[in-house]
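Here is a short note for someone opening this model for the first time. Please read the points with the structure in view.

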Amino acid sequence: MKNEETPDVEPSPSPEATDLPEGEAKAEERYVFISYSTKDMPQAETVRDILEKNGIPCWMAPRDIPGGSNYAREIPQAIRACKVFLLVLSKNAQMSNWVLKELDNAVTWDKVIVPLMLEDFPLNDEFNFLLTGTQRYTA
C-alpha cells in the first residue's frame, strides 16, 4: 500500500492509545472508519471525500496511518475508537483478508456497521454470517 496524502482534504487525527494500557482504545471518537479493498480505492476515496465535504470526519488507511507505523496495531485501534464502521462492499472486498479482519473487529466491538454495496453479488459465507441482520445500502 502506498501512503499518499489527499491534497484537498486535511487528514483526520489518528486515534492513538499510547497513554492507555495496551489493547484499550480512547473514548469513542466521532469519525467513520472506512473499510475497503485497495482494488476499490478510487470508489472508497470518493465516498470519503463526500462525507468529509459534508462535515463527517473519516479515518481511512493508508492516509491516516502515521508513516512507519504498524498497520496491524493502528487499524484495530482506529476501529475501536470509531463511531461508525463503513464497509465499502464489493467482490474485491470479499477477497481481501484485511477487510474480513476489519469487519470481524467491528462486529466484536459492537460498532454500527454500514455496508455500502458497490455492485450486486452474493455474499460469501463469512460476510453473510458477519452481516446477518445488517441493512445494506447500494452505491
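1. Start at the cap. Ser96 caps the N-terminal end of α4, with a side-chain oxygen 3.3 Å from the backbone nitrogen of Trp98. That is a polar contact, a pair of N or O atoms within 3.5 Å; within protein, one must be able to donate a hydrogen and the other to accept it, and residues adjacent in sequence count only if both atoms are side-chain atoms. Helices (H or I, at least four residues) and strands (E, at least two) are DSSP runs, numbered from the N terminus.

2. A word on the basis. This is a predicted model: local features need pLDDT of at least 70 and side-chain atom pairs count only at pLDDT 80 or more, while totals for chains, interfaces and linings use all residues. Residues are numbered from 1 along each chain as its sequence is written, and side-chain values use heavy atoms, with hydrogens and water left out.

3. The length of α4 checks out. Its twelve residues, 97-108, should span 16 Å at 1.5 Å a residue, and the end C-alpha atoms are 16 Å apart, which agrees. The expected span is 1.5 Å times one less than the number of residues. After α4 comes Asp110, whose phi is positive, near 55°.

4. Which residues of α4 are buried? They are Val99, Glu102, Leu103, Asn105 and Ala106. Buried means under 20% relative accessible area, exposed over 50%, partly exposed in between (1.4 Å probe, protein chains only).

5. The buried residues of α4 pack against β1 (32-35), α2 (71-81), β3 (84-89), α3 (91-95), β4 (112-117) and α5 (125-130). Contact means heavy atoms within 4.5 Å.

6. Now the strands. Two strands pair if DSSP finds at least two bridges between them. β1 and β3 run parallel, joined by four bridges, and Phe33 stands opposite Phe85 in β3. Six bridges join β3 to β4, also parallel. Five of the six residues of β3 are buried.
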